[in-house]
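Hello,

Here is the structure I promised to pass on. My notes follow below it.

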Amino acid sequence: MSATGSTTLLHVNAAAPAPAGFADALKPLLPDLSVGALLGFATGVALKHIGRWALVGLGLLFITLQVLAYFDLVSVNWLRVQALAEPWLAQGRENGGAWLTRILTANLPFAGAFTAGLLLGLRARV
């Protein structure tokens, strides 16, 4: 405040505003980007939970088989199980990510926003 009781205002030019043409060009894309990101995030969270439950189920199946084998009710040939599972695991390791991405982004005009949301959803602590 000055001696006369009036306040002095400082004008700070923080950042130059974006050109009006850029904002106008971005407006039609915002609904697609936000919908894509939201759907991607929801898909990522769902895949994370489904994967977790699938692993729990696989673990319970293994425990059940081991308990049954312990009581001599079943005999499991683990070498044969490994021989049957390895080709599937190798194929999934090599092509699984590309296959899933191709399926989830097919015919999506907002695949980039969806993929970003998907990655965030997979990393989210929900």
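Phenylalanine 71 sits in the loop between helix 2 and helix 3. Helices here are DSSP runs of H or I, at least four residues, numbered from the N terminus. Phenylalanine 71 is exposed, at 55% relative accessible area (exposed means over 50%, buried under 20%, with a 1.4 Å probe and protein chains only).

Two cautions on the source. This is a predicted model, where local features need pLDDT of at least 70 and side-chain atom pairs count only at pLDDT 80 or more, while totals for chains, interfaces and linings use all residues. Residues are numbered from 1 along each chain as its sequence is written, and side-chain values use heavy atoms, leaving out hydrogens and water.

Phe71 also belongs to a nonpolar surface patch. Other members include Trp53, Phe62, Tyr70 and Trp78. Together the patch residues have about 1,300 Å² of accessible area (Shrake-Rupley method, 1.4 Å probe). Patch residues have over 30% relative accessible area and no salt bridge, with nonpolar side chains joined within 5 Å. A salt bridge is a Lys or Arg side-chain nitrogen within 4 Å of an Asp or Glu carboxyl oxygen. Helix 2 gives the largest share, seven residues.

Now helix 4, residues 111–123. Which of its residues are buried? Ala113, Phe114, Gly117, Leu118 and Gly121. They lie on the same side of helix 4, because they cover an arc of only 135° around the axis (taken from the directions from the helix axis to the C-beta atoms). Gly112, Leu119, Leu120 and Arg123 are exposed on the other side.

Best wishes

How values were computed
Patches are made of residues with over 30% relative accessible area and no salt bridge: like charges are joined within 9 Å, nonpolar side chains (Val, Leu, Ile, Met, Phe, Trp, Tyr) within 5 Å. Helices (H or I, at least four residues) and strands (E, at least two) are DSSP runs, numbered from the N terminus. The expected span of a helix is 1.5 Å times one less than its number of residues.
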